[in-house]
Amino acid sequence: MIIKKPPMGWNTWNTFMGSINEQMVKESADAFISEGLRDAGYQYVVVDDCWSEQNRDPVTDRLVPNHEKFPNGMKALSDYVHSLGLKFGMYSCIGVRTCAGYPGSFDREFLDAETFASWGVDYLKYDGCYFPETTDQENMYHRMGVALENCGRDIVYAVCNGGEADVWTWIRSTGANMFRSTYDIMDNFRSYYDIAMSQKDKFCFSAPNCYNDIDMLTVGIYGNGKIGKLGCTDSEYRQQFVLWCMYNAPLMLGCDIRSMSAATKALVTNRDLIAIDQDDAARPPIWFKHRWNEDLRWAFKHLSKGYALALYNFSDSDSKIQFLFDSVGITVASGLKARLTDIFTGECVGEFRDCFAADVPRHDVKLYRFELVK
Ligand code: GAL
């Protein structure tokens with residue numbers, strides 16, 4: 001399966017973990033339409049772990065949807081999702097059990113890929129727990145890669161091994177379309193900050209067809225999900241979303257999209273921001289940090305047309321952040337000026353020759369479209 005853009009969608013895990021069922025997945029799919037998510041480019045409705053019965057069917061050996069949570073089975077649910085013009089995603093694992101203890105796909109890869117295809121699945125998140133220690137993780141991911149390629153349906157292969165075994169060095173060869181590079185995100189500032197920083201030097205391994213996935217977003221959860229009660233402020237969620245977009249990371253929402261705050265909805269449907277994430281060039285940003293204060297960082301990204309500049313204040317106090325154009329090869333002698341437009345206000349903040357500085361509140365970000373003009 002070939003994919004040219006980082007996938008965008010929603011996943012059940014961050015807010016609901018195992019408390020999932022057909023009704024809430026359908027309502028969430030409806031929210032893609034009513035909240036303008038589909039129009040903004042979100043496509044995949046993904047049911048994470050805990051969807052199945054504790055055991056396979058004793059006769060067919062196939063995975064069985066939990067009868068109470070999904071009384072009409074997965075095909076009916078995927079038909080519903082498809083009827084809304086969306087795509088349907090599911091979850092399994094390389095191990096004998098999934099991370100939450102349900103049957104995994106170890107040694108049943110081809111059967112399960114065929115089952116997922118028969119249910120109309122378009123996206124498979126494939127986790128990395130409970131595989132026999134004497135087997136090789138890399139080989140397990142090859143198996144499902146081949147199984148999906150031969151199951152008769154185009155299925156996005158979303159690998160999720162928590163970044164173990166230097167996954168970025170071999171994962172493209174397995175046929176994966178994206179790969180989780182970090183352990184699970186929690187709904188707080190420190191968690192998304194650590195995840196984003198841990199991958200600063202790893203985005204050279206992320207490109208069309210196989211994107212570095214730094215986890216489902218916590219934007220809009222405000223501590224109401226099952227992955228941590230601390231929550232973030234709106235400015236922290238803005239910072240998180242900009243980090244993901246500057247990295248061309250998959251944008252999988254993790255909040256309850258049926259009841260998003262106005263700020264969340266405006267942020268996750270911001271077309272200019274999404275365009276930076278989905279930019280065809282998919283180039284990693286160039287990172288800089290303040291000489292004495294590594295909590296002040298900025299990133300510059302070559303887009304397919306023009307550039308983007310993000311000024312991040314990860315510190316606990318409001319600060320000014322300055323970017324010298326010479327750092328990215330824009331010399332004064334070039335005769336070029338930079339015209340900066342604030343992505344959030346749409347306002348042109350001016351034209352500058354050699355540097356630009358802005359005040360950035362604590363735990364917040366400023367983001368600009370950066371065009372060079374004569
Ligand atoms: C973790 C994974 C989470 C979620 C969970 C389900 O390994 O990183 O995103 O899928 O398993 O048990």
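**Domains**

I started with the domain interface: 19 residues of domain 1 touch 20 residues of domain 2, contact meaning heavy atoms within 4.5 Å. For the bounds I took 8-277 for domain 1 and 286-373 for domain 2, which come from an automatic or database domain assignment. I get 32 Å between the C-alpha centres of domain 1 and domain 2.

**Ground rules**

I keep in mind that this is a predicted model, with local features needing pLDDT of at least 70, side-chain atom pairs counting only at pLDDT 80 or more, and totals for chains, interfaces and linings using all residues. Residues are numbered from 1 along each chain as its sequence is written, and side-chain values use heavy atoms, with hydrogens and water left out.

**Ligand**

Next I listed what surrounds the ligand (a heavy atom within 4 Å): Trp13, Asp48, Asp49, Tyr91, Cys99, Ala100, Lys125, Asp127, Cys160, Arg180, Asp184 and Met216. Sorted by class, I find six nonpolar, six charged and no polar residues in that shell; here Ala, Val, Leu, Ile, Met, Phe, Trp, Tyr, Cys and Pro count as nonpolar, Asp, Glu, Lys and Arg as charged, and the others, Gly among them, as polar.

Then I checked polar contacts (N or O atoms within 3.5 Å). Asp184 has a side-chain N or O atom 2.5 Å from a ligand oxygen. For Lys125, a polar side-chain atom is 2.8 Å from an oxygen of the ligand, and for Asp127 I read 2.9 Å from a side-chain N or O atom to a ligand oxygen.

Definitions and conventions:
Polar contact = N/O pair within 3.5 Å; in protein donor to acceptor, adjacent residues only side chain to side chain.
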